[in-house]
Amino acid sequence: MVDDAAAPTDLDLVRRIKAGDEQALEQMIERYHARVYSLSYGVLRNAEDAEESTQDTFLTLYRKIGTFDESKKFFSWFYRVALNQAYSRARRRRPGTKISIQEHLPRFREDGHLAALDWPDASVAVEDEASARELAARAEEFIGELPRAYRDVIWMADVEEMPAAEIAETLGISIPAFKSRLHRARLHVRQRLAEISRPAARQQAAS
Amino acid sequence: MKKKTRSPSDACRSEDITCKRLVMEALYDFEAGTMPAGERAELERHLAACPPCVRFLDSYRATGKTLRALKPREIPPMLARTVFQFVKARCGKKS
């Protein structure tokens, strides 16, 4: 039975889990399973893998809870556990085919002006529902191409819509580093979407 | 004063800012609303005179919208229960 009278804090639950309280474990799972699943999906892009990774993450939580430093924020420790678990599974499933973050960035002329209008019409793509779905699927794929440092940031910020401070804390990076990585990652995804939206433009640019 | 060269996107010339600076360095804070007012006004002046940057901004925003659309992902039903049972089984605990 769950008592909703006063929601326990994460730390309350951590201490009770350490003491072997299964109800506390159940409450922790109820509180975090959706976020853990979604973060895992961001790395693995497969529902079955994400579900298994979520299970492993909570198993690790249960086994390693004794190593959690109670002076730290629980969520940041736990999200790192979730991400590590997912990346570990991803390495077993498919060796990464990562590309450099420099590879797909906007192009500028020597004088600093934009080289070309590479996006046909930004508003059209998202008005039509089928196109929007297709575009979203490709965007997910393009996020998957990014090196981990960028991929985690863009998934947590733009898909999960987690607060900047929470993401920076989880990843152990500064706010300026967070901003810089997020912006670079967005530029990458934008550029890749632009490239598939207008392949003829790429051929022209290459010739 | 530096002499400007005429070019197709000369309309977007600005004394202090280029498309590159706007796109690569300033866009995040511009969009996040975390930019000082003076700098923001400068970027807005650039945008008012630079159609390529306006289209770039549109596409940057459209990208954000596309990414946010990935969010309402269906969480498998009964996932919490499955996870709880999984952990209990592995740890040899009994409820």
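The legends below describe close-up views of a predicted model. Residues are numbered from 1 along each chain as its sequence is written, and chains are lettered from A in the order in which they are written. Local features need pLDDT of at least 70 and side-chain atom pairs count only at pLDDT 80 or more, whereas totals for chains, interfaces and linings use all residues.

**View 1. Chain A meets chain B.** Here 46 residues of chain A are in contact with 41 residues of chain B, contact meaning that C-beta atoms, placed from the backbone, lie within 7 Å. The largest contribution to the chain A side comes from α2(A), with 10 residues, where helices are DSSP runs (H or I, at least four residues) numbered from the N terminus. By class, this side of chain A has 26 nonpolar, 8 polar and 12 charged residues; Ala, Val, Leu, Ile, Met, Phe, Trp, Tyr, Cys and Pro count as nonpolar, Asp, Glu, Lys and Arg as charged, and the others, Gly among them, as polar.

**View 2. The bend in α2(A).** This helix bends by about 50° at A:Tyr32, the bend being the angle between axes fitted to the seven residues ending there and the seven starting there. After α2(A) comes A:Arg45, whose phi is positive, near 50°.

**View 3. The largest nonpolar core.** Among its 28 residues, A:Leu25, A:Ile29, A:Ala82 and A:Ala86 touch the most other members. Such a core is a set of buried Ala, Val, Leu, Ile, Met, Phe, Trp, Tyr and Cys residues joined through C-beta atoms within 7 Å, and buried means that 20 or more other C-beta atoms lie within 10 Å of a residue's own. The most residues in this core, 10, come from α2(A).

How values were computed:
Contact = placed C-beta atoms within 7 Å. Helix = DSSP H or I, 4+ residues; strand = E, 2+ residues; numbered from the N terminus. Buried ≥ 20, exposed ≤ 12 C-beta atoms within 10 Å, placed from the backbone.
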